Amino acid sequence: MIDNGSISTDWAGSYNYAGNMIIGSGTFRSQHTNENKCNNLTVATGATLDADNDTLTVAGDFTTSGGLLGASCLELNGSDEYAAQTSATTWGFGGAFSIEFWFKSSADESAVLFDMYNGSNNNDRIKIYNNGGTQVTVRAYNSSGTDYFTRYDVNPDDGKWHHFAFTSSGTAQNLYYDGKLASQTSNTIARTTNTNDPSMKLYIGCDKDVAYFWDGQIEELRIFSDVRTETEIRANMFKSGYANISGDALVAAYNFDEGTGSTAACLEDGSPTTARNLTLNDAGGAETSGLWAGAGTFTYGTSTLVMA
């Protein structure tokens with residue numbers, strides 16, 4: 001994946017490359033006449049592929065998508081936009097769980113990406129947020145409302161796509177950033193005795209009080225009922241959807257590919273649990289269009305695109 005901020009990069013010497021290319025941000029510029037090859041090529045929201053006058057050979061699919069891995073993603077304004085369930089529901093996990101997603105932001109501020117709340121108190125709550133532009137933080141509560149922190153000091157608002165994952169076994173917590181283990185804690189976090197499945201309401205892009213709004217994009221949110229390993233996280237982080245994910249512990253997934261409408265569907269095999277669907281909102285209520293990302297930019301110039 002190319003994630004260069006505002007720096008242009010030369011696409012050179014790629015004539016033997018058979019893998020997939022994702023341009024996540026910034027400008028990716030072709031310089032060589034015909035040495036520009038890959039399998040699938042994706043230009044994500046906010047990124048630019050400058051083909052100049054060269055020949056680009058794409059063996060798979062060429063997508064100027066609205067998201068990083070799929071057709072769209074959530075794009076929130078940091079002031080009044082968010083997604084949430086209409087009411088709480090069970091989620092199919094207790095003490096052992098994993099949460100992962102992609103995000104991108106340029107806003108240097110405290111903002112919440114993920115908040116799972118029971119509607120009355122902090123028992124069993126899980127909150128993930130940008131802590132003042134210097135840290136990503138997970139604040140997980142046990143069944144009595146005692147909170148425990150897992151933190152990683154990093155700049156999460158550099159305008160680039162990053163992958164985030166958090167796992168908890170009930171006694172050990174791991175935080176992964178861009179596919180690598182970044183922080184560990186050893187806290188006993190008994191969520192409803194670690195066996196039951198508490199009923200919780202999910203908020204994306206704000207906290208349970210509909211405050212601390214997220215300014216940026218969110219993509220490919222997934223929740224598992226087991227502890228994902230680093231190998232599993234790295235194997236799945238560039239996959240989209242539900243059926244493509246390895247392992248049988250996936251309980252909820254949102255690819256945010258709808259691109260229109262006011263609902264982000266929870267994807268599952270068989271009959272989806274529609275109670276886990278998210279409604280997109282702004283200050284005026286349910287929003288049908290403004291929270292979906294637009295496409296990336298392909299500056300084709302006088303180039304030639306070959307779908308080989």
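So, contacts along the chain: if you take pairs of residues at least 6 apart in sequence, 60% of those contacts join residues that are at least 24 apart. Keep in mind that this is a predicted model. The protein chain has 25 strands and one helix. Of its 308 residues, 51% are buried. The chain exposes about 12,000 Å², and carbon and sulfur atoms supply 43% of that.

Okay, aromatics. How many aromatic pairs does a search of the whole structure find? The count is 10. Let me start with Phe101 and Phe164: the ring centres are 5.1 Å apart and the planes sit at 25 degrees, so we call this pair stacked. Phe101 belongs to strand β10, residues 97-104, while Phe164 belongs to strand β15, residues 162-168, so the pair ties together parts of the chain 63 residues apart in sequence. Both of these phenylalanines are buried.

Next, Phe103 and Trp214. That pair is edge-to-face, with 5.8 Å from centre to centre and 80 degrees between the planes. Again we're linking distant parts of the chain: Phe103 is in strand β10, Trp214 is in the loop between β18 and β19, and 111 residues separate them. Buried or exposed, then, for Trp214? It's buried, because its relative accessibility is 1%. Phe103 is buried too, at a relative accessible area of 2%. And these residues belong together: Phe101, Phe103, Tyr152, Phe164, Tyr177 and Trp214 make up one aromatic cluster.

Arg151 lies over the face of Phe149, 4.2 Å from the ring centre. Arg191 does that with Phe97, at 5.5 Å from the ring centre.

Asp207 lies in the loop, which runs between β18 (201-204) and β19 (215-224). Why do I call this aspartate buried? Because its relative accessible area is 4%, and the cut-off for buried is under 20%. If you leave aside neighbours within four places in sequence, Asp207 is in contact with Val112, Asp115, Arg125 and Tyr212. Also, Tyr129 is 78 residues away along the chain, yet its C-alpha is 9.0 Å from that of Asp207.

Last topic, salt bridges. Side chains of opposite charge can pair when their charged atoms come close. The search of the whole structure turns up seven of them. In one, Arg139 pairs with Asp147, with the closest N and O atoms 2.7 Å apart. Arg139 counts as partly exposed because its relative accessible area is 24%, and Asp147 is partly exposed at 25%.

Then look at Arg228. Arg228 has a salt bridge with Asp226, closest N and O atoms 2.9 Å apart, and the side chains of Arg228 and Glu232 meet in another, at 3.7 Å, N to O. Arg228 itself is buried, at 4% relative accessibility.

Definitions and conventions: Residues numbered from 1 in each chain as written. Predicted model: local features only at pLDDT ≥ 70, side-chain atom pairs only at ≥ 80, totals over all residues. Heavy atoms only, no water. Helix = DSSP H or I, 4+ residues; strand = E, 2+ residues; numbered from the N terminus. Buried < 20%, exposed > 50% of the residue type's maximum accessible area, 1.4 Å probe, protein only. Contact = heavy atoms within 4.5 Å. Areas by Shrake-Rupley, 256 points an atom, 1.4 Å probe, with all protein chains shown as cover. Phe/Tyr/Trp six-rings, centres within 6.5 Å; stacked < 30°, edge-to-face > 60°. Lys NZ or Arg CZ within 6 Å of the ring centre and 35° of its normal. Salt bridge = Lys/Arg side-chain N within 4 Å of Asp/Glu carboxyl O.
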